[in-house]
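Here are some worked exercises for getting to know a structure that may be new to you. Try each task yourself before you read its solution.

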Amino acid sequence: RDKLRQTPCSFAADYPTGRLVTNARIHFRNVQLLKMAARPLVSVFSTSGEKSGETTLPAVFTAPMRPDIVQFVHTNMNKNNRQAYAVSPWAGKQVSASSWGTGRAVARIPRVGGGGTSRSGQGAFGNMCRGGRMFAPTKTWRKWHRKINTTQKRYAVASALAASAVPALVMARGHKVDDVPEIPLVVDTALESTAKTSAAKDILAAIGALADVEKAADSKKIRAGKGKARNRRYTLRRGPLVVYKSNDGVEQAFRNLPGVELCCVDRLNLLQLAPGGHMGRFCIWSQAALDALNDIYGADGKRIPEDIMANADLARIINSDEVQSVLNPAKRANKKYLRKKNPLKSLKALAKLDPYAAAARESEQRAEAARKSDRAAVLAKKRETAKAKKQYKAQGKAFYEKVSKQGDVCADGFAIA
């Protein structure tokens, strides 16, 4: 840690990750990228599958892996083998037609002249007409090809080479490398003098790469769509890529195996190193081809891309003691904002706006509560009055019936005694 304090720009050690400060602005100055004193050794296997020696891993395999650059360069490079296509310039226009103009209650589209056939009077030329031309007819002078910066192409190839040495990325592409002893797989230079396909098949079986070839052979399917009638009848997965230095018969030996592709180390192609823009192609190197990468890339050849940051773990850098010791403490928003109250429902909110209206509403609420409490007494008094009236009602009815009864007044006639 004391050494790290002397060189604050080196973050190679493990840092504590207990604190986290956001919105931190960090400036890196004079960052020196340290080169490895010795590169790892790679095993070299004979054509019979036995280890025959070792060689150093070329420096290009330490290049940063940038899938964004690989995808961009692959997309543009893949456009450069397209053929121009276009519809016929006379398609849909090989008829004599003119508009009828206005006043005939039909559209002003050009119409075929003449008579005696159903074609006469039909619309022509327009893309909405049957038998008309398409909208914006395609032309052969479309921009088919794309220019790509040379430095970008070289960066993408270096990234694809570095990814081909990572077993996880090779397996992620779908290659069958369970029986392969080592990645990158380097075979003795005698591989380049293989002349027979049967011998090439034996070599692949000996080094454990035949399973990937069989996987590609089993994947052969008839293409869906019209391409099957346009010399693109079958689709096939990609198998291993054999990289050689000089062609002493290796091209003729391996080219007939399904899924196997070959490439000279002097003409490395991104379309082969990263098919579909996906890094991690399974490559089989001859020792001469692998050693040639030291001359192609390096001080006397093409520049090897460097990492922008020696340690890309930004969270670890921010949480390191060196950075945390010079940062301001995190600003915390402790201010609490009260919830807005509706003065139509809350008396306290109304009192802040209009104390008199609040007092009037409060007195109204008290009067309403008082009316609620007195209501029971008023109802009881009314019910007692009604009950007292009911007890005299029966006597009144009996008296009324008595006085209303028809008597025998005229029983003795109308004689007045």
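**Exercise 1.** Where is asparagine 231 placed, and is asparagine 231 buried or exposed?

*Solution.* Step 1: asparagine 231 sits in the loop between strand S6 (221-222) and strand S7 (234-235). Helices (H or I, at least four residues) and strands (E, at least two) are DSSP runs, numbered from the N terminus. This is a predicted model, in which local features need pLDDT of at least 70 and side-chain atom pairs count only at pLDDT 80 or more, while totals for chains, interfaces and linings use all residues. Residues are numbered from 1 along each chain as its sequence is written, and side-chain values use heavy atoms, with hydrogens and water left out.

Step 1: asparagine 231 counts as exposed because its relative accessibility is 81%. Buried means under 20% relative accessible area, exposed over 50%, and partly exposed in between (1.4 Å probe, protein chains only).

Step 2: look at the backbone. Asparagine 231 is not a glycine, and its phi is positive, near 60 degrees. Most residues other than glycine have a negative phi, and most peptide bonds are trans.

**Exercise 2.** Describe the backbone and the setting of alanine 136.

*Solution.* Step 1: alanine 136 also is not a glycine, and has a positive phi of about 50 degrees. Step 2: its place is the loop between strand S4 (111-112) and H3. Step 3: with 47% relative accessibility, alanine 136 is partly exposed.

**Exercise 3.** Which two residues are joined by a cis peptide bond?

*Solution.* Step 1: the cis bond joins isoleucine 183 and proline 184, with omega about 0 degrees. Step 2: proline 184 belongs to the loop between helix H4 (167-172) and S5. Step 3: go on to strand S5 (residues 185-187), which holds valine 187. Valine 187 is buried, because its relative accessible area is 0%.

**Exercise 4.** How do helix H2 and helix H3 pack?

*Solution.* Step 1: find helix H2 at residues 67-77 and helix H3 at residues 150-163. Step 2: their axes lie 9 Å apart, at an angle of about 120 degrees. Step 3: H2 is therefore oblique to H3. Angles under 35 degrees count as roughly parallel, over 145 as roughly antiparallel, 65 to 115 as roughly perpendicular and the rest as oblique. Axes are lines fitted to C-alpha atoms, for helices over the stretch in contact, and angles run from 0 to 180 degrees between N-to-C directions.

**Exercise 5.** Which residues form a network of salt bridges with Glu261?

*Solution.* Step 1: a salt bridge is a side-chain nitrogen of Lys or Arg within 4 Å of a carboxyl oxygen of Asp or Glu. Step 2: by this rule there are 8 salt bridges. Step 3: one of them is between glutamate 261 and arginine 281, at 3.2 Å from N to O. This pair links distant parts of the chain, 20 residues apart: glutamate 261 is in strand S9 (residues 261-264), and arginine 281 in the loop between helix H8 (270-273) and strand S10 (283-286). Both glutamate 261 and arginine 281 are buried. Step 4: the network links Arg238, Glu261 and Arg281.
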